[in-house]
Amino acid sequence: MEPVTHFLTGACIGRTGLNRKTAYATLACVLAAEAADLDIFWGFVGPVEELKHHRGITHTFWAVPVVAGVITGAVWLFDRWRYARRRDTAAAVVPSAATEDQGGMAQPPPIVIPSLVAARQPAHWGWLYLSTFIASLTHILLDWTNNYGVRPFFPLNDHWYSGSFMFIAEPTLWLLFFLAFFMPWVFGLADREIGARRKRFRGRGWAIFALGGMVLLGCWRWTEHGRALALFQNADVASEPVLRMAAEPYPVNPFRWHTMLETADFFQTAEINTRTSSIDSDPNRDVLYKPADTPAVEAAKRTLLGRVYLDWGTWAVVRDVGQEPVAGLDPPNLPPGRTWTTVEFSDLRFHYSFLASRNSAGRAPLGGWVYIVDSREEAGEVMSGRAQK
């Protein structure tokens, strides 16, 4: 899922009651829920390296206890720094030794104000570790729900697993989180208006409501995902035996699905509405015959981009599109007698109708391109308008 969902999920986990067990629970849960996406910094090395390492080792079950430990340790250091600062502030405000008055008589030491030093919720590190462990685990679970997938057992098993029932950005979840954080604030304003005693831990019920709503939404979408596959299978829209099929989610509408199948000779896509049991698939429009494996295509598959993309792209289509320049990298400047071609990598999972299969620039969404010279040499790799150096 996108970062906002992970962030707010972590905040809700902290507010379900864990913040009553230990200080810093909400802070630690937010950090742990986001930590796995630190692998995006591979993007500084290049877009292909980012694809290679994204949702890699940081998105595995082995990383969960490590992430929980690192976040707990970071919060412990923050706590030590904060306590030392409060202690220094108390020492500066209230002297700690007796003083003498002008007559030489000793005065009693002043009373130290306890609130300056110790009036704070204690941190229980066992509870804090458990909180960060749970929040870190939800990151893997949420990423599994969409069609990009995760590799939770990497590097022992580099297979990609994906639930494919939740869109990567789901506004319905944002609405649940908005209610979870907005409503306690509204009720807090009302309490202050009537002079009611302020509650120290507010919003527990709404946080549980949001997380429960997330689970129910996921179960609902899981059910509709199964119905979409059953409808597609029973419709028998392909003219050849089907090797495999899949259904991919749309945002907001749990009844709408982007589906595709593969035969020995072609791919075919369809748009399915599980509420009306309707299937929209036109063989003249939605059938993509498998491109030929030309020498240029084979050479492109052996490049870094080709290896990484085919490892990730479970519905990858690779085709030679001819001398077609792509944004982000100039085509090869060759002497007479040499030729170049562009090989495109795309994935049918992301050929949604609202993207018109290709974006406004005429490029496949989440696609990659390789320049191949003389059908054998790589001369540049591009993803998302950025060249891999």
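Q: How do the side chains of E377 and R376 meet?
A: They meet in a salt bridge, at 3.8 Å from N to O. The term covers a side-chain nitrogen of Lys or Arg within 4 Å of a carboxyl oxygen of Asp or Glu. This is a predicted model: local features need pLDDT of at least 70, side-chain atom pairs count only at pLDDT 80 or more, and totals for chains, interfaces and linings use all residues. Numbering starts from 1 along each chain as its sequence is written, and side-chain values use heavy atoms, with hydrogens and water left out.

Q: Are E377 and R376 buried, partly exposed or exposed?
A: Read the relative accessible area: under 20% is buried, over 50% is exposed, and in between is partly exposed (1.4 Å probe, protein chains only). E377 has 35%, so E377 is partly exposed. R376 has 55%, so R376 is exposed.

Q: Which residues join E377 and R376 in one network?
A: R338 and D374 do. Salt bridges that share partners link R338, D374, R376 and E377. Take R338 and D374: their closest N and O atoms are 2.7 Å apart. D374 is buried at 18% relative accessibility, and R338 is partly exposed at 32%.

Q: How many salt bridges are there by this rule?
A: The count is 17. One of them pairs E262 with K290, at 2.7 Å from N to O. This pair links distant parts of the chain, 28 residues apart: E262 is in strand β2 (residues 256-262), and K290 is in the loop between β5 (287-289) and α9 (295-301). E262 is buried, with 13%. K290 is partly exposed, with 30%.

Q: How many residues line the largest pocket?
A: There are 27. A pocket is an open set of points on a 1 Å grid where a 1.4 Å probe fits, with protein on both sides within 12 Å along at least five of seven lines; lining residues have an atom within 4 Å of a point. E50, H54, Y148, I168 and L366 lie nearest the centre of the largest pocket.

Q: Which helix gives the most to this lining?
A: Helix α3 (residues 47-53) does, with three residues.

How values were computed
Helices (H or I, at least four residues) and strands (E, at least two) are DSSP runs, numbered from the N terminus.
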